Amino acid sequence: MKTDIEIASEATLIPIENVAKSLGIERRDLHLYGDYMAKVKPATGNGKVILVTAINPTAAGEGKTTVSIGLADAMNKIGLKVCLALREPSLGPVFGIKGGAAGGGYAQIAPMDDINLHFTGDLHAITAANNLLAAMLDSHMYFGNELGIEKVTFHRCLDMNDRALRFIRCGLKYNDRDDSFDITAASEVMAILCLSRDENDLKERLGNIIVGYTQEGKPVYCKQLKANEAMAILLKDAIRPNLVQTLEGVPAFVHGGPFANIAHGCNSITATQTAMHYADYVVTEAGFGADLGAEKFLDIKCRTAGIKPDAVVVVATVRALKCAGGKSKETLSERDDKALAAGMGNLIKHVENITRVYNRKCVVAINRFVSDTDEEIAMVEDAVKAFGVDAVCVTVWGEGGKGGVQLAKKVKDLCTLPDKQFTYCYDLNDSAEEKITAVAKKIYGADGVEFAPAAKEMLGKIKGTEWEKYPVCIAKTQYSLSDDPQLLGRPQGFTLHIRDLAVRSGARFIVAMAGDILLMPGLGKVPNATKMKMENGIIEGLF
């Protein structure tokens with residue numbers, strides 16, 4: 001089988017002006033980046049939203065982005081007007097372990113190499129805007145610290161996995177302090193870009209970033225340093241959604257790229273709403289498992305954007321379910337009903353959450369491998385039927401849209417059914433502690449939550465302020481429903497450990513850090529970067 005980049009390089013793409021024209025976008029509303037990429041003027045609409053999420057990720061892989069792209073191609077095949085709304089890749093995972101975010105096989109967005117690398121420069125602009133604020137903050141403190149900043153809480157960022165930057169000394173010879181870098185995808189500026197409705201909202205949110213606290217514990221904001229206008233200038237192009245296409249020519253708005261394990265994990269509101277303006281159906285995805293990306297999509301993004309998904313697709317593979325059940329990666333092609341049954345609990349929990357906590361219509365997409373047996377597929381189908389949910393096999397990796405037609409028809413049918421009352425996991429009037437506990441118990445299945453002293457101190461600062469009305473964004477491992485990556489499947493009888501909280505008043509949510517989660521990933525022992533090469537401008541090894 002050809003590699004992803006070989007398939008992508010052999011595809012015949014439609015000039016992006018023609019893709020835009022098929023949607024009714026005029027040339028004057030495009031900012032071209034070569035022949036196949038463009039930025040577009042944002043718009044708002046009322047197309048139906050289909051959220052694609054997944055079980056907790058495993059070493060076997062699930063193919064959530066691939067299924068999202070294949071589903072859009074399939075919906076196009078059955079005559080529906082559809083657009084994709086996806087996140088941008090980060091260079092950290094591209095050169096690390098996880099990989100890019102352009103799909104795979106014959107279900108890809110293109111040009112794949114450009115999208116996975118520098119794309120239109122959005123992440124670089126976010127990095128620059130973030131670090132401009134950090135530089136202005138340190139400059140202010142160097143020249144007298146008129147605002148009386150005692151504790152700095154704002155960090156520099158970089159779009160690369162670099163564990164050496166997790167713990168550093170900053171400002172040697174002046175303002176010497178312990179500090180750290182975040183990966184750009186976990187930065188508040190990234191979250192702000194994705195949650196802002198327009199330029200004015202962007203500037204207001206940037207101005208409300210907390211950069212530190214005074215000796216009296218009062219917050220100091222970006223706007224007090226007068227940095228938000230300059231930051232917005234650096235983001236003037238980055239705030240516009242990017243338009244590309246699938247290998248089958250379906251329009252794709254790809255914009256913003258926060259990670260779901262350490263940020264809110266959804267593409268930008270402007271991209272989703274622009275897709276909703278130009279299409280009757282919008283296929284979008286949230287990062288990692290439904291306990292992370294989907295929870296934050298539903299509890300944070302939907303609240304902010306005033307949208308709700310008309311249907312939810314939960315992606316799983318038989319191989320990943322066996323992996324979640326304790327089977328080794330090397331033996332996943334072997335039939336093992338015991339491991340499959342043990343791992344099935346993870347899928348069932350996510351289906352429960354979507355249908356019972358959020359009251360959304362749901363279908364399970366089984367991303368089928370050639371080693372999967374009919375009996376294994378039947379086990380998955382039977383397990384989810386108890387919740388009134390169907391499971392549909394897809395083969396979009398090898399067949400493109402053709403391999404997702406059955407799923408596309410099921411999604412269309414779900415969207416025509418009467419909608420139920422959309423419910424959230426918690427009420428915004430709940431305390432921060434109550435919101436975190438609600439997510440832990442309802443979504444993760446925890447018995448309770450334990451707050452470390454630093455977290456308790458922040459809860460005290462939050463209580464009674466406007467911050468208490470913010471939603472919560474729990475940063476935890478993606479590999480487990482718990483905060484322990486070793487607890488696979490559907491763990492029970494565990495406690496969620498919150499070690500600290502941070503107020504992101506620009507993004508307007510509270511980050512709760514669970515377990516040992518860090519905001520700067522590291523490279524693996526053998527990163528993807530070691531397997532890549534380029535000759536005469538042709539890239540090899542980029543998946």
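Modeller: This is a predicted model. Let us start with what helix α18 touches. The buried residues of α18 pack against β12 (210-214), α17, β20 (448-451), β22 (495-504) and β23 (509-514). So which residues of helix α18 (residues 453-462) are buried? They are Ala455, Met458, Leu459 and Ile462. These four cover an arc of only 105° around the axis, so they sit on the same side of α18. An α-helix has 3.6 residues a turn, so residues three or four places apart point the same way.

Now turn the helix over. The face directed away from the buried side carries Pro453, Lys456, Glu457 and Gly460, which are exposed. Here exposed means over 50% relative accessible area, while buried means under 20%. What follows the helix is Gly464. Its phi is positive, near 85°.

Next, the charged pairs. The structure holds 27 salt bridges. One of them joins Asp419 and Lys308, with the closest N and O atoms 3.1 Å apart. Asp419 lies in the loop between α16 (405-416) and α17 (432-444), and Lys308 in the loop between α11 and β17 (311-316), so this pair ties together parts that are 111 residues apart in sequence. Recall that α17 is also among the elements that the buried residues of α18 pack against. How accessible are the two partners? Asp419 is partly exposed, at 35% relative accessibility. Lys308 is partly exposed too, at 37%.

Arg303 and Asp299 both lie in helix α11 (residues 290-305). They are 4 residues apart, about one turn of the helix. Their side chains meet in a salt bridge, at 3.6 Å from N to O. Both residues are buried.

Asp336 and Lys327 form a salt bridge at 3.3 Å, N to O. Asp336 is partly exposed, with a relative accessible area of 23%. Lys327 is buried, with 12%.

Finally, salt bridges can join up. Asp138, Arg156, Arg177 and Asp179 are linked in a network of them.

To go back to the helix: α18 has Ala455, Met458, Leu459 and Ile462 buried, and its opposite face carries exposed residues, including Lys456 and Glu457.

Note on methods. Residues numbered from 1 in each chain as written. Predicted model: local features only at pLDDT ≥ 70, side-chain atom pairs only at ≥ 80, totals over all residues. Heavy atoms only, no water. Salt bridge = Lys/Arg side-chain N within 4 Å of Asp/Glu carboxyl O. Helix = DSSP H or I, 4+ residues; strand = E, 2+ residues; numbered from the N terminus. Buried < 20%, exposed > 50% of the residue type's maximum accessible area, 1.4 Å probe, protein only. Arc of directions from axis to C-beta. Contact = heavy atoms within 4.5 Å.
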